[in-house]
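Hi,

Here is the structure I promised to pass on.

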Amino acid sequence: MKLIGRFTQILPLTGLPLKGALKDEQLHIIPNGGVLVDDGLIVAVDDFEKLRSANPSTPIEEITGDHVLLPGFVDCHTHICFAGSRAKDYALRTAGKTYLEIAKAGGGIWDSVTQTRAADEIALSSLLLSRVQRHLAEGVTTIEVKSGYGLSIDAELKQLRAIKAAADKTRASLVSTCLAAHMLPKDFDGTHPEYLHHILQNLLPVIKQQRLTNRVDIFIEESAFNTSDALNYLAKAKQMGFEVTVHADQFTTGGSEVAIQARAASADHLEASTDREINMLAKSDTVAVTLPGASLGLGMPYAPARRLLNAGACLAIASDWNPGSAPMGDLLMQAAVMGAAEKLCAAEVFAGLTFRAASALKLNDRGILAPNKLADMQAYPCNDYREILYHQGKLKPDKVWLSGI
């Protein structure tokens, strides 16, 4: 057992609802606070002197100077297991080409598939680890990582094994997801439904057997898979025991409705969502995951975060860190900038980066600082929590704890 403190402010993010709009006045702020930790879990969060008096023989990890403590961030949507660069794509986009035009011309996802297939498992795992360590240094303690740049049985398994190998070498929590249904591979001799059937028959059972992931994703879009094929695929994946999530409403609508019908954990992107989709999501248990990094990378409007919250949705914010549309990967910067554009208060942004994002991954043991939760925490060198978003991502944590260490 140890006592960590004192912190100028602690924002435990407790007592906030999972869904709907928030106000900063709802934030519980503990001044001059401390956290009592034992065996990786939080025992108590309270006034530092009160905790020290009640635990006089407990070792203290002393925090000097002003610091604001938050739960570790949860990035619930990334594609950081990849090789190569898509700088050419970015140059074409800024020159006026659209995402779909670039994809049809041989760039886009298939460019990353080619480069990722050429890398071996050790190289992929090493590249992934370097990105995980950067995320961790910036306060992101739980990271979802998708496959989807393999698009063959062997290459998808290679990606998922690389993610598993990286997870064994980092103290950050990695949550893997199979995105073999990212697009129809150019070298697959068959239709979209035939490819999805191929995955269901020949890939998912092996993933299950080797315990590489319990999550499946699909990209529903003109350049990927249609709604009826996706709904059938997700239903069969669920029958096999997988949790499901959906790339939804990025350029056109339809995906979020499939996500809701499939009872997916989350519907991610939502830039094209209209009032119809917003209201459906708000009435469902599917988490609405916004990806401001993709909007910044593609030069497109943000997902309607303000309207989703006002309608009563559970809104998470993730980085979508990937080599194509969201290469920056700075989760806090993206959330702060979208927050300014969409008029999200600090409570809504922090909730979207912590316990609401954890809900998108079906994790209820993190995202708030409370007894029996994981002691995944981050401290910012400032005296007021409002400074964190005010600096738009330039203020980084100078101390990050995983399970209290």
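Predicted model: local features only at pLDDT ≥ 70, side-chain atom pairs only at ≥ 80, totals over all residues.

Two elements, α3 (99-104) and α4 (109-118), each give two or more residues to the lining. Of the elements, α3 contributes the most, with four residues.

Now for the sheet. Eight strands make it up, and it is open, with parallel pairing and the order β6-β7-β8-β9-β10-β11-β12-β13. The edge positions go to β6 (73-75) and β13 (315-317); each has a single partner strand, so one side of each has no neighbour in the sheet. Going from one strand to the next, the twist averages 25°.

Ala248 has His269 of β11 as its bridge partner.

One is α6 (residues 153-167), which packs on it and touches β7 (140-146) and β8 (173-181). The direction of α6 makes about 175° with that of β8. Since anything over 145 degrees counts as roughly antiparallel, α6 and β8 fall in that class. Another is α14 (residues 331-342), which lies across β6, β7, β12 (287-290) and β13. Relative to β6, α14 runs at about 90°.

Last, a helix pair. How do α7 (residues 192-202) and α9 (residues 227-239) cross? Their axes come within 10 Å, at an angle of roughly 10°. Angles under 35 degrees count as roughly parallel, which is why α7 is described as roughly parallel to α9. On the α7 side, the contact is made by His192, Pro193, Leu196, Ile199 and Leu200. From α9 come Asp229, Tyr233, Lys236 and Ala237. By type, the residues of this contact divide into six nonpolar, one polar and two charged.

That's what I have for now.

Cheers

Methods. Residues numbered from 1 in each chain as written. Heavy atoms only, no water. Axes fitted to C-alpha atoms, helices over the stretch in contact; angles between N-to-C directions. Parallel < 35°, antiparallel > 145°, perpendicular 65-115°, else oblique. Contact = heavy atoms within 4.5 Å. Nonpolar A, V, L, I, M, F, W, Y, C, P; charged D, E, K, R; others polar. Pairing = 2+ DSSP bridges.
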